[in-house]
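Open the model in your viewer and keep the selection panel at hand. The stops below say what to select next and what is there.

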Amino acid sequence: MAKLPFIFGNGKTFPTFLVCKTGILFLFAVFTTLSVFAQQIELKGKVFEESSKLTVIGATIRVKGQKTGTTSDTNGNFVLKVKSLPATLDVSTVGFKTQEIDVYEADPVTIYLTEDLNRLNEVVVVGYQQTKKNALASAITTVSSDDLAKANYTTISEKLQGQVPGLLVSNSSGVPGTQVLVRLRGATSINAGNDPLYVVDGVFINSESLQSHGLGGQVSNPLSDLSTDDIESVSVLKDANATAMYGSRGANGVILITTKRGAKNGKTKVQFQAEYGVAKTGDLWKLTTGPEHAQIVNDCWINDGKTYATRPFRPTTEVITGYAAYGNPADQKTYDRQDEVFRTAQLQKYNLSVSGGDAKTNFYLGGEYQKQQATLKLENFDRYSFQLNLDHSITKQIKIGTSNSLSKVDRQVVAVGDGPAGLFQAALHTPTFYPIYNADGTYNKPVAFDNPEAILNNSDDHAYSLRSVNNVYLKWDIVKGLSFKSSWSNDYNSYHEKTYWNTFLINGQPNGQATDILTAKQTLIEEQVLNYNLSLAKESDLAFFLGNSAQTTTIEKESLTGTVFPSNQFKRIASAAVQTASSTGTSSALISYFAGGNFSYRNRYSIDANIRYDGSSRIGVNNQWGYFPSVGTAWNISNESFIPKTDVVTNLKLKASLGYSGNQSINDFSSLGLWSGGSNYDGVAGISPSQLGNPNLKWETTRQWNVGLTGELLKERLSFDVNYYDKYTSDLLLDDPVPAKTGYSSVTKNIGEISNRGIEVALNSVNIKTKHFEWKTNFSISHNVNNVEKLNTPITSSYQTYQVQQGFPLYSMWVYKYLGVNSQTGDAIYQDVNKDGKITVADKQIVGNAWPIVEGSLKNTFSYIGFDLDINIYYKYGNKIYNYTSSFLESGGTRGVTRSILESSMNYWKKPGDTNVLPRPKSTVNADGGFNYDQQSSRYIEDGSYLRLRDITVGYNFPKRALAHLHISATRLYVTATNLYTLTKYSGPDPEVNVGAGDSRALVQGMDFGTPPQPKSVSIGVNITL
Amino acid sequence: MKKYIFIASIAFASVSCNGILDTVPQTTISDASVIIDEKSSLAALIGVYDGVQGYFGVDQLAHNVIADNVVSSTAPGNIIPTLTASGSGAFDPTSGAGYSSAFSAINRANFVISKTAALNSIVIKPASKKQYLGEAYFLRALTYFDLGRTYGGVPLITNPTLSPTQDNGIKRATLADTYIQVLADLNAADTLLSETIVRNRANRFSVYALKARLYLYTGNWDKAEEYATKVIANSTGFKLVKPYSTFYTTLKSTESIFELSFSTSDKNPIYTYLLSASEGGRLDYIVEPGFAAQLLDPTKGGARKSLIKLLSTGAYEPTEYANQDGSSSLYVLRLSEQYLIRAEARVKKATPDLTNAIIDLNTIRTRSDVASFVASGTTTANDVLLAIENERRYELAFEGHRFSDIVRTGRAATVFGALNTLFADPGRWVFPIPYSAIVADPDLEQNVAYK
């Protein structure tokens, strides 16, 4: 074979034989067909699958000693010509054991293939690498579409919950399409982001919300643009050996999503799915009645040392200047607002896909419409998505293809919590004794919150996202084993938010306000990879890859605001008297060179090494380029000759890896000293310094080693995968606080270190397998310990209740430790850490964190003739929740008439000797400097452990024979129920809530504040395959 | 047998991709290219005003809340009892009383002072250069003055920050030294600024007025009287308006010496703390009921009853910053304060001048339709001082003076201690430095009472 002419590059150690956006690709290929020999004997045959007796399509049939071969057609038939008889046919296809058959006569042959349960010799493609599965030394979990949760979760991340050991997935709210907290093997960063890198069909996609307009802790999830039904499989790359190939962005793990493709030489398959469901919110917060509210507020008033005469709840006839009177406690009525804002939500989903292919072309065409309401009113999620995947072989060596997903998501949204305009918060936090309407029928708005009915009747808040993820590739099998793939991708993501507040709403005061914000983010990627796989003697293999990629990301944002509308009939900014507009944008770029190799010897020992060299525009000029190397090794113990071949141990592999990956998810231009405009005064444009520069800024680097043991036991009835890892992140990209006297608050620096150590276990077993009945169990458990190893200055979160401190995990809660009530005085006792007799800020301490000690899932799947049953349990143990809602509302009357009060607050100290009670209602400071109802108290930190029966699906597959005359090949009817039962000690409505998950840099996680709880739902559906 | 042989020739372009890494920010410029001519110098000066806007409102609000004119709406009747350095309790937990935003304004002023001074007359007109420098010196003086009265002495930074470590080792100055820095800046501004009155930009009269206040705080009575007189004497430029409410219902009234302007596109956010929910605010703070009664009393508040508004709940809200569109100005220096400064200085100076002090006091009372203070044979200097103290409380009710007035006269234990025993401790007569500032700066020591 001819040698490949490489032209080596300019100064960089890697040949820049590839092309970037600005470059030009010259590719000349001339194909010449040379000679054709005549062949004499025609052989016919048919290929069947041994157990099912179904025909096998696309099996490769070769004649030994000849270069010729063919593949079986859609009916399993094949025809080929041999030079002479007898001949030996070699029949193979993916997933089956290769058969050799000697043919002596020219009669039709029937070939039975048996399934190869040991698929370890399969060549798998993971990212850039193509290696035999048994040579893999990395910790990778692949979940196929069949194993993803059966229930209709809106985003792929929700479907993965519990399925991948080490991947913590936590829903944040009961609203579909909103943020989900995803952390792989803990968190490696404080300020540079902790979200994994998502790659769909080779396209690095945006996973950061483009939402600009605050919705009270609710953030849209860009991954919800993708239909989950078009997904074929998800591979989660966990250790450094797998993630180092993604270099500067691999430190938080990589989630590779592969969409469905049509089968070659297959019958065209038409699949239709329709689903309808309803959802309801379970228990909400229990609030006091009006009279109870009045009683506790009056008690607090007296305990504060104020006069009985001026108490707030007294007859309205007792007028005292400056002191409001709300009537006697007994006269108070109770008004429920919470139930008003929730509803029975409906879900409709329709999905149609067509896939198939002939010898040269295969395709997949999918379309979906999903209309999903949240149980919280005013929240709707409508997704229209379209997927087109196409592959075509131009010649035997050259293949082209494309993957495209196009989607539009229309959302009706409403602010939910954390702010006066939040629907759920307004309903929850408005004291129950206030009527909803005034006597004259107008909205009563007695406290800072909007009237929930006013929001329900007047909210006009929408967001429209448009997403296009596209990839085209050309793959050229240059010579046997050597292939070149050129791939060009685009991820376009726009988010258009349109909001109008009329004068009935706070934000519309005094004369109406509207905003219109359009944000568009586009990433363009080119990627060129050369792969070389070589099979050596003695079942040894060698594989190499070499590649380059370049990408640019731009964000453009236009926002318009209009205020002073003529009346509530006019809603568009064109009608507003005051119109302001702003336009801004930013961009970043990344260039990478990468290479790797894998050598496996006799199917027993394998070693691989990868390296990536990345240059990023975000990094300081002095350190713009960085290396990310890794090595891994695997030992297939079961293939050793000294291990007897038994049915007890079918497979056993030990693997180990070590490597480095990076993180660069900081703001564009973080390294530069900058001045910004917009510092205006009196109508004159002004500028001001906005950022301190740091030209030495470099990558955050995570060193990770991993050891794992994978095996299959008892005739492959039991399989396991156990991994231990140790991640250590240094040079943290940190917004390091600087002294206020400098005029800045922080500078982005490389300081600080974080470690994550943990163990992951996955167990899969086939408990019972008979002809008609099968019972399978999947169990996973993972444990991670996160620790901030080094940090100069503690970093306090915006809520003042979380702090990042050296020696403690991220997401640690920093409060006064509540020790109980002094049974004599009724006052709260807090731990006086520095023993100075005073409760001061020095006594705040870390008392818990949002990380679970263990989390995982237990999934049982049963099938009996046509029935299938899927039961999915998810559990999380040892994490803490900061119940911020109760820190506001279990307030012992200290918030007077401004916020509602939780029923639990009524259990307060009334007389000396009372125990097991809350402190006496009192808002003034205690003698020691503490406050009875300090919000920053460990009293509001609760055990967030839970075990949830997450979903149950029962399905029935109609017998094939019954459908045959209708030309339907399969029909499945199913019923799914989600969130049926939760075992938890948490006092709020839902332990799986989290206000901070929207921002991957947020230091506050595990906080419950005004997020709607997750609903219970039931849905029915049908799946028809033609 | 069929055999394919292909001949391929591939040429790869070796194009350097590194160029795409040179991305350029679109809405920002780097340190090196700012303040290079008159236009950019003005833009940076405007940025200083923006910085002062950023700290001043919070600082003024904090001073109102810590004193006895305003109380938390959730716990009416208490002088704000819960102020702690960590921000737990009822005070704005993130910024304290504007400590870090004040230093941001100072850094902006330092840039203007150092960089504009270095510009030559080709790129900036000498008159503009003098004016911009003078304004920057004045704004720095104002900011350091507010920091001093709020926290006690603070670190004195007069150079622009180019590196996060350049100010390492600079500890807090004493309050006296902080005020010396303020005076130095005011003296510089005095020589640079002109007497052209622009009420929302610094000019020589703003310098005189702030000097009068500084001398009052530092006990230099003669100078306080002298500088207050320099302002009052300009009777064409400055006049008390009538009725009282005119100064805050119109922008840039003749009574205003220096006010910070806001607009619908550059909002003054203070109304959100003070207005009721139905007016788009959060009503975090209300008027202390006892003080509301005094303002409503025709013998005390008089026309100043317009400062408060009765809500349906029976509580009163302040109305000075009531423009819901955020366009209310913040009043920094007002003519009536100059009269009251001069009155106090005239009582306290070496040879007290009670007669003229009472005339100044009555100028203010008359304007608000309150009967004049009439001295009798038994009237002592202390009686007049108490009358001035009360008059300041009514006249400057929600402009952040009350706390500092009571503290600087040493009466906080008497006046506030009755309402909150914590004020018996003079260590509590300053604000705690925000916790976040303490942890970020090893040179910064917390005020003793809050350690």
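A crossing of two helices is called left-handed if the near helix is turned anticlockwise from the far one by less than a right angle, and right-handed if it is turned clockwise. That term is needed at a later stop. The model itself is predicted.

**Confidence of the whole**

Begin with both chains shown. For the complex, the predictor gives an ipTM of 0.89 and a pTM of 0.81. Colour by pLDDT next. Chain A averages 85, and 93% of its residues score at least 70. Chain B averages 87, with 90% of its residues scoring at least 70.

**Stretches to treat with care**

Select residues 1–38 of chain A, where pLDDT stays under 50. The model has 75 contacts beyond four places in sequence for this stretch. Strand 1 of chain A, residues 26–36, has the lowest mean pLDDT among the elements of that chain, at 33. For the other end of the scale, select strand 48 of chain A, residues 941–943, whose mean of 95 is the highest.

In chain B, select residues 1–16 and then residues 77–95. pLDDT stays under 50 over residues 1–16, and the model has 46 contacts beyond four places in sequence there. Over residues 77–95 of chain B pLDDT also stays under 50, with 60 such contacts in the model. Where pLDDT is low, the predicted coordinates should not be read in detail.

**Chain B as a whole**

Chain B has 15 helices and eight strands. Of its 451 residues, 58% count as buried. Among contacts in chain B between residues at least 6 apart in sequence, 68% join residues at least 24 apart.

**The two domains of chain B**

Domain 1 is assigned in two segments, 38–261 and 330–420, and domain 2 covers 271–318. The centres of domain 1 and domain 2 of chain B, taken over C-alpha atoms, are 24 Å apart. Their contact takes 20 residues from domain 1 of chain B and 20 residues from domain 2 of chain B.

Which elements give two or more residues to the side of domain 1 of chain B that touches domain 2 of chain B? Select helix 1 (38–66), strand 3 (70–72) and helix 12 (381–395) of chain B to see them. Strand 3 of chain B gives the most to that side, with three residues. The residues on this side of domain 1 of chain B divide into 12 nonpolar, five polar and three charged.

**A pair of helices in chain B**

Now select helix 5, residues 204–218, and helix 10, residues 335–348, both of chain B. They pack at an angle of about 35 degrees, and their axes are 10 Å apart. The crossing of helix 5 and helix 10 of chain B is left-handed.

Show the side chains at the contact. Helix 5 of chain B contributes B:A209, B:A212, B:R213 and B:L216, while helix 10 of chain B contributes B:Q338, B:I341, B:E344 and B:A345. By class, the contact between helix 5 and helix 10 of chain B has five nonpolar, one polar and two charged residues.

**Two backbone details in chain B**

Go to B:P243, in the loop between helix 6 (221–232) and helix 7 (246–249) of chain B. The peptide bond from B:K242 to B:P243 is cis, with omega near -5 degrees.

Then move to B:I35, in the loop between strand 2 (28–30) and helix 1 of chain B. B:I35 is not a glycine, and its phi is positive, near 50 degrees. Is B:I35 buried or exposed? B:I35 is buried, because 26 other C-beta atoms lie within 10 Å.

**Back to chain A**

Show chain A again and colour its assigned domains: domain 1 (41–116), domain 2 (290–333) and domain 3 (416–458). The C-alpha centres of domain 1 and domain 2 of chain A lie 92 Å apart.

Select A:R183, which lies in strand 13 (residues 180–184) of chain A. A:R183 counts as buried because it has 26 other C-beta atoms within 10 Å. Leaving aside neighbours within four places in sequence, A:R183 is in contact with A:L168 and A:N194.

The last stop is A:R185, in the loop between strand 13 and strand 14 (197–200) of chain A. A:R185 has a positive phi of about 50 degrees although it is not a glycine. A:R185 has 30 C-beta neighbours inside 10 Å and therefore counts as buried.

Technical notes: Residues are numbered from 1 along each chain as its sequence is written. Chains are lettered from A and ligands numbered from 1 in the order in which they are written. This is a predicted model: local features need pLDDT of at least 70, side-chain atom pairs count only at pLDDT 80 or more; totals for chains, interfaces and linings use all residues. Domain bounds come from an automatic or database domain assignment. Two residues are in contact if their C-beta atoms, placed from the backbone, lie within 7 Å. Helices (H or I, at least four residues) and strands (E, at least two) are DSSP runs, numbered from the N terminus. Ala, Val, Leu, Ile, Met, Phe, Trp, Tyr, Cys and Pro count as nonpolar, Asp, Glu, Lys and Arg as charged, and the others, Gly among them, as polar. Axes are lines fitted to C-alpha atoms, for helices over the stretch in contact, and angles run from 0 to 180 degrees between N-to-C directions. pLDDT is the predictor's confidence in each residue, from 0 to 100. A residue is buried if 20 or more other C-beta atoms lie within 10 Å of its own, exposed if 12 or fewer, and partly exposed in between; C-beta atoms are placed from the backbone.
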